[in-house]
Amino acid sequence: MSSADMLGDAGQVSGTPTDETTKHLYRVAGLGGVGAFLAWLGQPILVFLVIGPRGDAGGDWSEIESSRYNGAIEVVLFSVIGVGLLFMVLATWRILEHRNPGASVAAGVGYVMGLVAAVSWFLVAAEAFRMFTSIGAAIPEVTDDSRLQASIIHGTFLDITGALLLFVIGYTGWVVMVATAGRRAGVVGMPLAVVLALSALAWVPALAVPFSVPWPLVGFILTMLILGISFLVRSRR
């Protein structure tokens, strides 16, 4: 495999940035991806340091009261993930438009799905924080039944999971767009396009095995880091 093929589509444009604007966009996209990954990685670490070990799933309101700063941590970090992804998605799209002004409708759909993926993290942030508002604090006044309280809290966790799956669905469409239209425009090279395609295969166990761990989420979180590092490296060439 030639170095030109490693960097991008040699038949159309070299994968190496040709001007300062493109380099800057690669840097913005890279920082967005790496920043989003670090925020995701920092969430469980900070929660553990501030709150300590958590109890078993299905806890009642006393579990929420004992972790009162969890919501503040999560709303900030999940919002940072959303902002980081917006920088990555928007900057990547501007690079693609710069290199291929006549991007297809299908590519545009992938771009919009990337925006949906980014915005979904703001929904995750909102859902994570809602239990720590005055409205959430009224749950003990509504019912003192610990099992019913646990059901309400678990419902919030289900909502958060749904928002995370919205990210996975949107990110799948964006990854496919980057691996195809982005590859043809030289935004990414063949090796990175293959990595993106493989990350989408994480859907297979999730769809084939009911009640399984949502592996696509883990795969796409790692993809953020890989893309971010790759774009930062290319911004310096």
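User: How does helix 5 pass helix 7, left-handed or right-handed?
Analyst: In this predicted model, helix 5 passes helix 7 in a left-handed crossing, where left-handed means that the near helix is turned anticlockwise from the far one by less than a right angle, and right-handed that it is turned clockwise. Helices here are DSSP runs of H or I with at least four residues, strands are runs of E with at least two, and both are numbered from the N terminus.

User: What are the angle and the axis distance for that pair?
Analyst: The axes of helix 5 (residues 105–130) and helix 7 come within 7 Å and cross at roughly 160°, which makes helix 5 roughly antiparallel to helix 7. The axes are lines fitted to C-alpha atoms, for helices over the stretch in contact, with angles running from 0 to 180 degrees between N-to-C directions. Angles under 35 degrees count as roughly parallel, over 145 as roughly antiparallel, 65 to 115 as roughly perpendicular, and the rest as oblique.

User: And which residue classes are in the contact of helix 5 with helix 7?
Analyst: That contact divides into 19 nonpolar, seven polar and three charged residues. Ala, Val, Leu, Ile, Met, Phe, Trp, Tyr, Cys and Pro count as nonpolar, Asp, Glu, Lys and Arg as charged, and the others, Gly among them, as polar.

User: Before going on, what are the ground rules for the model and numbering?
Analyst: Residues are numbered from 1 along each chain as its sequence is written, and side-chain values use heavy atoms, with hydrogens and water left out. Since this is a predicted model, local features need pLDDT of at least 70 and side-chain atom pairs count only at pLDDT 80 or more, while totals for chains, interfaces and linings use all residues.

User: Back to helix 7, how does helix 8 sit against it?
Analyst: Helix 7 and helix 8 (residues 190–200) have axes that come within 8 Å and cross at roughly 155°, so helix 7 is roughly antiparallel to helix 8. Helix 7 passes helix 8 in a left-handed crossing.

User: Which residues make that contact?
Analyst: From helix 7 there are Val-175, Val-178, Ala-179 and Arg-183, and from helix 8 there are Met-190, Ala-193, Leu-196 and Ser-199, a contact being heavy atoms within 4.5 Å. By class, the contact of helix 7 with helix 8 has six nonpolar, one polar and one charged residues.

User: What about helix 4 and helix 7, at what angle do they pack?
Analyst: Helix 4 and helix 7 (residues 146–184) pack at about 25°, with their axes 12 Å apart, which makes helix 4 roughly parallel to helix 7. The crossing of helix 4 and helix 7 is left-handed, and by class their contact has eleven nonpolar, two polar and no charged residues. On the helix 4 side the residues are Leu-85, Met-88, Val-89, Thr-92, Trp-93 and Leu-96, and they meet Phe-167, Tyr-171, Trp-174, Met-177, Val-178, Ala-181 and Gly-182 in helix 7.

User: Staying in helix 4, is Glu-74 buried or exposed?
Analyst: Glu-74, which is placed in helix 4 (residues 70–99), counts as buried because its relative accessibility is 12%. Buried means under 20% relative accessible area, exposed over 50%, and partly exposed in between, with a 1.4 Å probe and protein chains only.

User: What does Glu-74 touch?
Analyst: Leaving aside neighbours within four places in sequence, Glu-74 is in contact with Gln-43, Val-47, Ser-79 and Ala-128. The C-alpha atoms of Glu-74 and Gln-43 are separated by 6.6 Å, although the two are 31 residues apart along the chain. A polar contact of 2.5 Å joins their side chains, where a polar contact is a pair of N or O atoms within 3.5 Å; within protein, one must be able to donate a hydrogen and the other to accept it, and residues adjacent in sequence count only if both atoms are side-chain atoms.

User: Changing topic, where is Phe-211, and what is its phi?
Analyst: Phe-211 is in the loop between helix 9 (203–208) and helix 10 (215–235), and has a positive phi of about 65° although it is not a glycine. At 89% relative accessibility, Phe-211 counts as exposed.

User: And Ser-235, buried or exposed?
Analyst: Ser-235, in helix 10, counts as buried because its relative accessibility is 4%. Not counting residues up to four places away in sequence, Ser-235 touches Lys-23, Tyr-26 and Arg-27.
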